[in-house]
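Student: I'd like to go through this model with you. Can we start with the ground rules and then look at the contacts?

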Amino acid sequence: MQIKLETKPYASLEIDALVTPVFEGDDPIQGRVAELDQLTGGLLKKLATGGELTGKTLEFTLIHAPAGLKAARLLLVGAGKKDQFSVATLRKIAGAALRSLKAKSVKNFAFLAGGALPTEDGSQAIVEGLLTGNFETDKYKTDKKDKKIESVALVGFPEAETSAVQKGMARGRIIAESQNFARDLVNEPSNKLTPRVLAEKAEAMAKEAGLAVEIFDEKKIADLKMGALLSVAQGSAEPPRFIVVTYTPANPKPGAPVIGLVGKAVTFDTGGVSIKPADGMEKMKYDMAGGATMLGVMRALAALKPNVKVIGVVPATENMVSGKAQKPGDIQTAMSGKTIEVLNTDAEGRLILADAVHYARQLGATHLVDAATLTGAIVVALANVNVGVFGSDQTWTDKLLASAKATGEKMWQLPMDDEYRELIKGSFADIQNISSGKGGGSITGAWFIREFAGDTPWIHLDIAGTAWNDDAKPWLAKGPTGVALRTLVHLVQTF
């Protein structure tokens, strides 16, 4: 899909549709909407007076053959209250408008900016919304409907700000395409995306992007004594892979931070011997969403070129049931030397992250973030609205939360009191992989991973409730979301 900046007057554009946001208030006919109202001979004012145009968030008003415009349609999209408007709202509006018009077989349209946000931020948000909204999860359908948006023009920006608009557009495309790269990986069924295939795709992406990459096979993993990862992998006929992707800036500063991004990639999770219920198990192809997100982040950073070294570490495996699978009560030794009593084989993500976090520290990471579809408990706590955030260092955690706020991704910090650590104290090994108490499952899962981060500032993102849309949103297709990618890219760029 082509996205371009158009400097011609929007009223003169012969296009299938013109889209613009409308703000909610006593009188929604303000700013750009007031201009359009004049062009259409007061039609919008009449609609507002009659209650058909209110500006409520994602309210759609479609006008055919609008007077005063060369566009075949005028689509007004509710933007909510102006004092609450943000890049997240604009992103949703752009995505929702695209999806609505695509369903109506529109081929091209223009998005008229309202000027409520800084130019560079606004153009970036629009492009992100358009590209993520255009992503579909129908890859394996044979009866795909041939409805495609061919081009979108951004209009209404002052000519004096052309440079800022183009910068925002370029950055928005990099981030959105990287987010869609991650979503495409998550959308793959597990028979198409095994640990080996994921490693191949990661290697191809890294080489294309100019990133350094290493792929460890099962022998190398064993040589490194990654016993926690191998314990999860041992039940599957598919061998594990360990992926390391590194971005190094052109002129790294001596003593500068090194950021380690660690993502869980269980390409399919049956739960092992502690098997999951059949209902909903097909969704467990998404259990590698954390790893996909980190690979997407690395792809974006290669193009954005921040001045800080970043190491992406992704342990990849299946968690299967077989005669070789680990059993409840087994004791495993992680790469760090710490012993683990496995009380539940379905708490496997924290096991593979244990070795990955430890290895990231060995590679020199001074600040760590891991992302994982770790616990059902986070869905109980935060539903599918917020990512759960857990941290060992409040300064580092605050930095990430500030990036989440800036990019419009909802995240919520949960406590990490020492009392929760006591709940994973092992009876027959150093630690156990599930809590000995009731409740707090997402916190004790985070505490388990923290055991392997040592004194390195560390953050855990539990994305189990937010990495997948069970139903389509007006601005996003059903399926993988690519959550946390924008936050992490922003976080790295703050350095």
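Tutor: A salt bridge here is a side-chain nitrogen of Lys or Arg within 4 Å of a carboxyl oxygen of Asp or Glu. This is a predicted model: local features need pLDDT of at least 70, side-chain atom pairs count only at pLDDT 80 or more, and totals for chains, interfaces and linings use all residues. Residues are numbered from 1 along each chain as its sequence is written, and side-chain values use heavy atoms, with hydrogens and water left out.

Student: How many salt bridges does that rule give?

Tutor: The count is 23 salt bridges. One of them pairs the side chains of glutamate 409 and arginine 486, at 3.9 Å from N to O.

Student: Where do glutamate 409 and arginine 486 sit?

Tutor: Glutamate 409 is in the loop between α12 (394–407) and β16 (411–413). Arginine 486 is in helix α15 (residues 485–493). Helices are DSSP runs of H or I, at least four residues, and strands are runs of E, at least two, numbered from the N terminus.

Student: Are glutamate 409 and arginine 486 buried or exposed?

Tutor: Both are buried. Buried means under 20% relative accessible area, exposed over 50%, and partly exposed in between (1.4 Å probe, protein chains only).

Student: What about lysine 139 and glutamate 188?

Tutor: Their side chains form a salt bridge of 2.9 Å, N to O. Lysine 139 is in the loop between α4 (119–134) and β6 (151–155), and glutamate 188 is in the loop between α5 (162–187) and α6 (195–209), so the pair ties together parts 49 residues apart in sequence. Lysine 139 is partly exposed at 40% relative accessible area. Glutamate 188 counts as buried at 5%.

Student: And how exposed are arginine 361 and aspartate 455?

Tutor: Arginine 361 is partly exposed, at 30% relative accessibility. Aspartate 455 is exposed, at 72%. Their side chains meet in a salt bridge of 3.7 Å, N to O.

Student: New topic. Which residues have the most contacts inside the largest nonpolar core?

Tutor: Phe242, Leu295, Val369, Leu461 and Leu488, in a core of 102 residues. Helix α9 (residues 289–304) gives the most to this core, with 10 residues. Such a core is a set of buried Ala, Val, Leu, Ile, Met, Phe, Trp, Tyr and Cys residues joined through side-chain atoms within 4.5 Å.

Student: What does leucine 461 touch?

Tutor: Its contacts (heavy atoms within 4.5 Å) include Val369, Asp370, Val387, Leu400, Met411 and Leu488, leaving out residues up to four places away in sequence. Apart from this core lies another, of 34 residues, with Leu90, Ala94, Ala113 and Leu131 among them.

Student: How about the whole chain: what is the radius of gyration?

Tutor: The chain has 24 Å; a compact globule of 495 residues would be near 23 Å, which agrees. The radius is taken over C-alpha atoms, and the globule rule is 2.2 Å times the number of residues to the power 0.38. The C-alpha atoms fill a box of roughly 80 × 50 × 45 Å along the principal axes.

Student: What is the secondary structure count?

Tutor: There are 15 helices and 20 strands. Buried residues make up 56% of the chain.
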